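Thanks for coming, everyone. Let me put the model up on the screen.

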Amino acid sequence: MIGVGLVGYGYWGPNLARNFAAQADCSLAAICEINPARAELARRHYPAARVTADFKQLLSDPAIQAILVAVPVSAHFALAKQALEAGKDVLVEKPLTSTAVEAKELIRLAKERGRLLAVDHTFLFTGAVQRIKQLIDSEALGKIMYVDSVRINLGLFQHDVNVIYDLAPHDLAIMSYLIDEEPLAVQAMGKSHGSDSLESVAYVHLEFPDNLIAHFHFNWLAPVKIRRTLIGGTKQMIVYDDMEPSEKLKVYDKGVVMKQGDIDSIYKTIVDYRTGDMVAPKLSHHEALAVEARHFLDCVRLRSKPLADGAAGLWVVRILEAAQASLRANGRRITMEPE
């Protein structure tokens with residue numbers, strides 16, 4: 001039986017608690033929550049778990065092998081660092097940390113202590129993203145030309161991070177998983193329409209080698225909720241719509257073929273449009289967070305590398321930092337230095 005301790009029972013913590021407590025070989029031993037009302041709710045939901053406001057009680061408990069961190073981003077580094085230093089494996093809610101320097105320190109510490117460091121990139125464990133990964137790796141889509149993603153909704157406004165830090169980690173984590181490339185440059189534009197200076201609407205643009213580009217739209221002020229990603233390949237194209245109840249993934253046999261015209265033709269290049277069938281592959285419909293919980297527990301037991309490890313978390317944080325720098329420089333193109 002693997003004992004886990006959860007710190008944070010606010011917005012995301014209850015989801016982690018529910019999925020880890022449901023695993024047959026997992027014991028939700030303790031929950032740390034400083035808000036009295038949320039702590040009382042945790043006691044009602046999990047009477048067998050010890051609920052405390054003292055994080056050190058979780059760190060000193062030998063029955064707890066892993067710590068789940070679900071608190072505001074600003075506290076991720078300090079809590080994860082303490083947990084690693086106490087000899088615990090750690091799963092941190094996205095994004096891993098506020099800065100790349102902090103992420104690198106956690107990676108170093110985890111390696112030094114022989115502990116696992118994982119980040120909660122939930123969407124990697126969806127049936128749709130797993131199938132897209134298979135299609136890309138098998139070269140069924142051909143060369144990837146672009147990724148175009150929209151993640152918008154009405155709220156929830158955050159008070160410690162802007163819309164990029166709140167919503168972008170999902171799509172950047174997917175991008176990192178699907179495309180095994182380091183971006184060459186990052187640009188971002190955004191504006192605040194709330195009571196503070198935090199951007200509530202933003203656009204992020206990434207440039208990769210071999211003419212691959214990716215564009216992301218994030219918005220807390222949209223009248224509808226949209227979670228849609230287009231991936232264009234030279235052979236096939238994908239529409240991934242997470243709001244679709246049944247056909248979340250559609251693969252289109254569509255594209256263009258460039259041909260050279262006659263030397264005397266005014267059209268030196270002729271464009272042929274190829275239109276084929278659309279296929280909606282059958283996908284696994286298991287809850288992604290349940291699959292992730294199972295995966296993390298297996299990694300703890302087998303001492304294997306998590307799918308979304310510290311390096312994956314660092315990739316996302318580096319892009320977030322570059323996007324922030326671009327925002328502050330009025331959309332200036334930020335060149336990414338190789339790691």
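In what sense do strands β5 and β6 pair, and over how many bridges? Parallel, over four bridges. Pairing here needs at least two DSSP bridges between the strands. Strand β5 covers residues 89–93. Strands are DSSP runs of E, at least two residues, and helices are runs of H or I, at least four, numbered from the N terminus. In β6, L117 is the bridge partner of V90. From β5 the chain crosses through helix α5, residues 100–113, to β6, and this β-α-β crossover is right-handed. That is, with the strands pointing away from you, the path from the first strand over the helix to the second runs clockwise.

A word on the source. This is a predicted model, where local features need pLDDT of at least 70, side-chain atom pairs need 80 or more, and totals for chains, interfaces and linings use all residues. Residues are numbered from 1 along each chain, and side-chain values use heavy atoms, without hydrogens or water.

Back to β6, residues 117–120. L117 and V119 point one way, A118 and D120 the other. In a regular strand, side chains alternate between the two faces of the sheet. Here all four are buried, meaning under 20% relative accessible area with a 1.4 Å probe, protein chains only; exposed is over 50%, partly exposed in between.

Next, C26, in strand β2, residues 26–32. C26 counts as buried because its relative accessible area is 7%. Beyond its neighbours within four places in sequence, C26 contacts M1, I2, V4, F20 and L297; contact means heavy atoms within 4.5 Å. The C-alpha atoms of C26 and H193 are 44 Å apart.

Last, L221, in strand β11, residues 221–233. L221 is partly exposed, because its relative accessibility is 36%.
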